Amino acid sequence: MRIALAQTEIFSKQYEKNKKTALSICNLAQAMEVRLLLFPEMSFTGFNMDTDYSIAAGLDTVPWMQKLATTGQCYLGFGWVKAAESGKAENHYSIVAPDGSLFFDMVKLHPFSYAQEDQFFEKGNALPTCEIDGIRFGCFICYDLRFPEVFSALAPKTDCMLVPANWPERRKLHWCSLLTARAIENQVYVAGINCVGTQDGLHYSGDSRFIAPDGTILQDCRSASGCFVCDLSAKTVAETRQAFPVQKDRRPDFYRSILL
């Protein structure tokens, strides 16, 4: 299955400008026969706490991406913001299918309190999965990467874990190390999708990457913007787990008992 990472430069709160970039990337992905194209967290607004702006943009984002998916006959993954019933907002990542349906949707589990995200955004409480062409996908958003428990919980149900993010360059070492660790410990593909450029004084160096179930870096986008392709196979996950059967030695009941 051919997957692509859209490592884009996101201009903070410049929705229409960011949509133009996305359209160009979608056209490129279609020419490369990509099956699933993935954009970073808060794909077209950037990571910010102006929830009124991001919610307004989000009302347009889903139908616009549904139209793009139908036109290009490609699955599209993207981040957007939705109003929550509490009066706060929700940081979503969704996938729309080539038939235009909203195929997958999740809410960020751990709002980034260091940047006051928790004051504006509600926590997600679900770990959904989806399957495309025989590959099972799970998703975690940016700061979720720092919490290995949720990755381990989802590992038996997935072949590939997506991690869309707006992850600053100053913590690049953490990003690269944790993505690799999540792939190795769960024996899954990991696709980390980050942005480049500068938003509100923070620099983003990209470093989006595909990582194999054994920790091998299959694609490292470094600091370039563009569309980066990798071919994945569910067979590789099964073979990795069979050859080195770490998962069978996990003790989830024990782990739960010591966390109570």
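Residues are classed here as buried under 20% relative accessible area, as exposed over 50%, and as partly exposed in between (1.4 Å probe, protein chains only). By this scale Thr 71, at 57% relative accessibility, is exposed; Thr 71 is placed in helix H2, where helices (H or I, at least four residues) and strands (E, at least two) are DSSP runs numbered from the N terminus. The C-alpha atoms of Thr 71 and Glu 16 are separated by 19 Å, the two residues being 55 residues apart along the chain.

The model is predicted, so that local features need pLDDT of at least 70 and side-chain atom pairs count only at pLDDT 80 or more, whereas totals for chains, interfaces and linings use all residues. Residues are numbered from 1 along each chain as its sequence is written, and side-chain values use heavy atoms, with hydrogens and water left out.

An open sheet of mixed pairing is formed by 6 strands in the order S5-S4-S3-S2-S1-S14; two strands pair if DSSP finds at least two bridges between them. Strands S5 (102–107) and S14 (226–231) stand at the edges with a single partner strand each, so one side of each has no neighbour in the sheet. Neighbouring strands of this sheet are turned by 25° against each other on average, direction ignored; axes are lines fitted to C-alpha atoms, for helices over the stretch in contact, and angles run from 0 to 180 degrees between N-to-C directions. Strands S3 (residues 75–83) and S4 (residues 89–96) pair in the antiparallel sense over 8 bridges, and His 92 in S4 is the bridge partner of Trp 80. Helix H1 (residues 15–31) lies across S1 (2–7), S2 (36–38), S3 and S14, running at about 35° to S14. Helix H2 (residues 51–72) lies across S3, S4 and S5, at about 155° to S3.

In the loop between S1 and H1 lies Thr 8, which counts as buried at 4% relative accessibility. Leaving aside residues up to four places away in sequence, Thr 8 touches Thr 21, Ile 25, Phe 39, Pro 40, Asn 194, Cys 195 and Val 196, contact meaning heavy atoms within 4.5 Å.

A further open sheet, also of mixed pairing, comprises 6 strands in the order S6-S7-S8-S9-S12-S13. Its edge strands, S6 (129–132) and S13 (217–220), each pair on one side only. Strands S7 (residues 135–139) and S8 (residues 160–164) pair in the parallel sense over 3 bridges, with Phe 137 opposite Cys 160 in S8. Helix H5 (residues 172–186) packs on the sheet, touching S8, S9 (189–193), S12 (209–211) and S13, and its direction makes about 160° with that of S9.

The structure holds 14 salt bridges, each defined as a side-chain nitrogen of Lys or Arg within 4 Å of a carboxyl oxygen of Asp or Glu. Among them, Arg 2 and Asp 231 meet at 2.9 Å, N to O; Arg 2 lies in S1 and Asp 231 in S14, so the pair ties together parts that are 229 residues apart in sequence. Asp 50 forms a salt bridge with Lys 13, the closest N and O atoms being 3.1 Å apart. This pair links the loop between S2 and H2, which holds Asp 50, to the loop between S1 and H1, which holds Lys 13, 37 residues apart. Within helix H1, Lys 19 and Glu 16 are 3 residues apart, about one turn of the helix, and their salt bridge has closest N and O atoms 3.7 Å apart. Lys 19 is buried, with a relative accessible area of 9%, and a network of salt bridges links Glu 16, Lys 19 and Asp 60.
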